[in-house]
Amino acid sequence: MNTEEIYNKLTVCNNLISHSNIRNMLKGKLKVGTADVEFNANETSSPSLEEAESAFKKYNCAILTAFRGGYTIDENLARNEKLKEDMNALTMSFRPVNGCYREADWQFPCEEFCFFVFNEDTTQSRKFFEQVYLLSAKYNQDSFLYKPAGIYRAAFLVATSDAGRKDLHGDIKFAGQLYTNVTDVNAWTDCADGRFAFQLKGMVLIKTGEKKIKLGEGDVFDIKGYKADGLLVLYNSSQQDIDAACKSYNGTVPLVRHAFKNDSATLKHVHDVICDCLNQLRDQKCKRIGIHCSVSIVGSPIDGAAATYITIQRWAKRNDKHFNLIVIVDTYGDFCLVN
């Protein structure tokens, strides 16, 4: 995909989430940011948490760095200076922040000096996205965080290298909703007075053309977020992160999983596996089923999503009396394009 196609895909996903959040907000199920502090676009120090929240509502924002493993701290600082020069040449606006990551058993976090980049002219959203994308690629970043302007708190990871696309299983991935004052575990961004992170908590449910089938943005294993009583996870064997998550799952509801042995599964194979797995959950009396499927058909995740969606539709019609809801967790934004 070129940057325009990636931007369009991200926009479709963001619009679906935003429309769902409008309904949740009207029903009182969603809290939106309440920060009233005006973001100072001319300041050169790190923003406060309230400033960051204000910026996320008002501007399209991204977190960008030139730091890269394999370089010394002095080399990475020099790379960041070059990135600053590039952003200034493009008249882009930015303020410094720290990107951090720490495993629970680490004494100290891994830190990168980053830039909180924002576009003051939101009529140029596509241009801003393209500029950030090309800079991320120029400085060999695997991905960057992108938050479209608006009161809704959803952000996305955007891949800008082959390694990033492999890690995200495509060009974009839902990063989660904005949380402030988070703990210093996993990934977060340091502001002047605290931390924020985009995390997969709960589940944003999105309507489809089928009453009992919905798309979900969140974590398939967060069963409390959407009251799932059965889980189905289908993935390519190369997706080691999903495989590890399944193997470490110790939840209270049944989990049926299947790892396809290559990235070129056939349409019939995908259909047969999905139906067999859904039948297993049906026979275990599961009524609210969460499904994650990121299998590719002949290397195409979009074709895999289309085949999955059609198969689930047909299975649902045959088994309408045996379930109440199926939530297809759209982790990589493929199902929103085929729905």
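## Start on a helix

This is a predicted model, so treat each stop as a prediction. Select α9 to begin: this helix has 18 residues and reaches 26 Å from its first C-alpha to its last, close to the 26 Å expected at 1.5 Å a residue.

Now colour the buried residues of α9: Gly304, Ala305, Ala307, Thr308, Tyr309, Thr311, Ile312, Trp315 and Ala316. If you look at how they are spaced, keep this in mind: an α-helix has 3.6 residues a turn, so residues three or four places apart point the same way. What covers the buried residues of α9? Show β10 (213–218), α8, β13, β14 (325–329) and α10 (335–338), which are among the elements that do.

## Into the cavities

The structure holds two cavities of 30 Å³ or more. By type, the lining of the largest cavity splits into seven nonpolar, five polar and two charged residues.

Next, hop over to the second largest cavity, with about 60 Å³ of space. Ten residues is the size of its lining, and Glu53, Lys57, Ile151, Arg153 and Leu178 are the closest to its centre. Here the lining divides into four nonpolar, two polar and four charged residues. Which helix gives the largest share of this lining? Select α2 (residues 49–58), which supplies three residues.

## Around α2

While α2 is selected, check how covered it is: seven of its 10 residues are buried. They are Leu49, Glu51, Ala52, Glu53, Ser54, Ala55 and Phe56.

## The nonpolar cores

Time for the side chains. In the largest nonpolar core, which has 60 residues, show Met87, Phe129, Phe144, Tyr146 and Val158, the ones that touch the most other members. Helix α8 (residues 267–283) gives the largest share of this core, seven residues.

Zoom in on Phe144. Leaving aside residues up to four places away in sequence, Phe144 touches Ala62, Ile63, Leu64, Phe129, Val132, Tyr133, Ser136, Phe156, Leu157, Val158 and Thr160. Then look for a second, separate core of 20 residues, which includes Phe56, Ile63, Val97 and Phe196.

Go to the loop between α5 (162–168) and β6 and pick His169. Phi of His169 is near 60°, a positive value in a residue other than glycine. Is His169 buried or exposed? His169 counts as buried because its relative accessibility is 13%, and the cut-off for buried is under 20%.

Last stop: Lys285, in the loop between α8 and β13. Its phi is positive too, near 65°, again in a residue other than glycine. Lys285 has 65% relative accessibility, so it counts as exposed; the cut-off for that is over 50%.

Definitions and conventions: Residues numbered from 1 in each chain as written. Predicted model: local features only at pLDDT ≥ 70, side-chain atom pairs only at ≥ 80, totals over all residues. Heavy atoms only, no water. Core = buried A, V, L, I, M, F, W, Y, C linked by side-chain atoms within 4.5 Å. Buried < 20%, exposed > 50% of the residue type's maximum accessible area, 1.4 Å probe, protein only. Helix = DSSP H or I, 4+ residues; strand = E, 2+ residues; numbered from the N terminus. Contact = heavy atoms within 4.5 Å. 1 Å grid on protein atoms, 1.4 Å probe; cavity = no way out; pocket = protein on both sides within 12 Å on 5 of 7 lines; lining within 4 Å. Points joined across faces, edges and corners; volume = space filled by probe spheres on them. Nonpolar A, V, L, I, M, F, W, Y, C, P; charged D, E, K, R; others polar. Expected span 1.5 Å × (residues − 1).
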